[in-house]
Amino acid sequence: MELGQLRALREVQARGSIAAAALALNVTPSSVSQQLAALQRKAGTALTYKAGRRTALTPAGLALCRATVDVEVALARADAAVAAFRDSPSEPVSVAAFHSAGLAFFGPLAQALAGDGGPSLSFADQDVAQQDFAALTADYDVVVAHRLPNSPPWPATAAVVPLAFEPLDVAVGATHRLAGRSSLRPSELRGERWISVHHGFALEGAIEMIGTLAGQEVTVAHRINEFFVAASVVEGGGCISLMPRFTVNRKQFPHLVLIPLAEPRLGRRIDILARPEALERAGVRHVVAALQAVMAELVEAGPGPGPILLNHA
């Protein structure tokens with residue numbers, strides 16, 4: 001089996017079509033088809049099948065794709081051993097993050113790595129549904145992702161570096177009737193108008209859980225994915241929402257109050273995702289360490305229990 005054939009199979013699995021794989025590999029779709037056909041002849045069994053418009057992998061194809069990851073890791077380690085530049089922390093590193101993480105991390109990360117001989121950075125904000133984060137590792141060296149604790153784990157094809165567990169608090173305006181509370185229970189939120197996220201995003205399930213525990217379906221007034229936009233609406237006092245405790249920009253919203261939930265304990269896991277071979281690169285490890293340091297500072301500066309008034313005098 002040739003490496004080009006294995007890489008073609010892996011890109012088809014990651015991207016869902018021969019055309020998308022060809023674009024990623026900078027070859028023609030015909031070339032990818034030929035690579036897959038040759039690989040299938042050597043394997044002696046079907047490796048792909050059509051699932052609507054997508055090209056999916058059979059169990060044998062998935063097994064071979066997982067083995068390809070091990071091959072890529074071995075090659076990455078060999079490259080690092082024989083090529084000095086691979087060990088250089090100054091090589092470029094691309095970083096993608098969901099919006100609130102980008103707002104919290106990109107500035108401090110760029111400042112931390114400026115002028116220290118570290119990698120040149122390329123940032124991108126990617127607001128995707130939870131199940132789509134792992135696929136971003138095909139296009140970015142480092143992906144900052146989030147998921148709810150009770151959701152499916154990240155796929156085994158992605159290496160995972162945990163950053164933090166971030167609590168989700170109820171956000172209200174400073175003039176809201178609940179603004180002085182030290183904690184809240186779902187039953188106390190009946191009748192409130194909520195700002196939720198777009199359908200399919202993780203936070204929607206957390207808000208629906210609050211309604212279930214309160215015995216009343218939540219009333220969603222707005223669907224806004226960006227927390228800083230939602231916060232500006234919440235400050236007006238007419239709606240409430242869930243807000244992350246550490247990554248929200250506290251200085252920007254002086255009339256926003258965060259109140260912890262006594263129950264349930266809601267939060268999200270913030271993780272770094274990468275292709276396993278990417279973590280063999282010194283520059284990527286340098287960025288991961290810097291992200292861990294930034295996250296530690298956010299957690300350390302984060303508020304303790306009780307009502308949390310953002311930038312409140």
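Begin by selecting Phe98, which is buried at a relative accessible area of 3% (buried means under 20% relative accessible area, exposed over 50%, partly exposed in between, with a 1.4 Å probe and protein chains only). The model is predicted, so local features need pLDDT of at least 70 and side-chain atom pairs count only at pLDDT 80 or more, while totals for chains, interfaces and linings use all residues. Residues are numbered from 1 along each chain as its sequence is written, and side-chain values use heavy atoms, with hydrogens and water left out.

Rings of Phe, Tyr and Trp (its six-membered ring) pair if their centres lie within 6.5 Å; planes under 30 degrees apart count as stacked, over 60 as edge-to-face and the rest as tilted. This rule gives 3 aromatic pairs. One of them joins Phe98 to Phe133, edge-to-face, at 6.3 Å centre to centre and 75 degrees between the planes. Phe98 occupies the loop between strand S3 (93-97) and helix H5 (99-113), and Phe133 the loop between strand S4 (121-125) and strand S5 (142-147), so the pair ties together parts 35 residues apart in sequence. Helices (H or I, at least four residues) and strands (E, at least two) are DSSP runs, numbered from the N terminus.

Select Phe133 next; this residue is buried, at 0% relative accessibility. Its ring and that of Trp154 have centres 6.2 Å apart and planes at 90 degrees, so this pair is edge-to-face.

Finally, select Trp154, which is buried at 11% relative accessibility. Ring pairs link Phe98, Phe133 and Trp154 into a cluster.
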